[in-house]
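Welcome, and please open your viewer.

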Amino acid sequence: MPRTTQLRTYTVKEGLLDEWVARWREEILPLRLELGFEIGGAWVDRERNQFVWLIAYEGPESFAERNALYWASPKRKAMDLDPDDYLVSTDDRMVEPMQL
């Protein structure tokens, strides 16, 4: 399958941005990497209470199939992490590189 990249922007509930970032770094990131995803970067926009990151996958399955594998994984379930406890909204966009 071709490489697929998503730009994800999460608006985090007031007062929970640092906790969300810590859990993302300690729990979500390692599992995403273990499952073959690549992380192109992650940023915090404190003014807007947002967490922004780039996630990509290129492998035998589609991005959607690999993402479903992530959500179904026993390690993901063991996190006891419900995004709704932290996030007000999410905006996931498929993006592609352009020639500079």
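## A tour of charged pairs

Start by selecting R48, which is exposed because its relative accessibility is 51%, and the cut-off for exposed is over 50%. Keep in mind as you look around that this model is predicted.

The side chains of R48 and D45 form a salt bridge, with 3.0 Å from N to O. Why might such side chains pair up? Side chains with opposite charges can do so when their charged atoms come close.

How many salt bridges does a search of the whole structure find? The search finds seven, and we will visit two others here.

Next, select E38 and R3. Their side chains meet in a salt bridge too, at 3.0 Å from N to O. This pair connects distant parts of the chain: E38 is in strand β2 (residues 38-45), while R3 is in the segment before β1 (4-12), and the two are 35 residues apart.

For the last stop, select E34 and K75. Here the side chains make a salt bridge of 2.9 Å, N to O. E34 belongs to helix α1 (residues 17-34) and K75 to helix α3 (residues 74-78), so this pair ties together parts that lie 41 residues apart in sequence. Is K75 buried or exposed, or something in between? With a relative accessible area of 48%, K75 is partly exposed.

Definitions and conventions: Residues numbered from 1 in each chain as written. Predicted model: local features only at pLDDT ≥ 70, side-chain atom pairs only at ≥ 80, totals over all residues. Heavy atoms only, no water. Salt bridge = Lys/Arg side-chain N within 4 Å of Asp/Glu carboxyl O. Helix = DSSP H or I, 4+ residues; strand = E, 2+ residues; numbered from the N terminus. Buried < 20%, exposed > 50% of the residue type's maximum accessible area, 1.4 Å probe, protein only.
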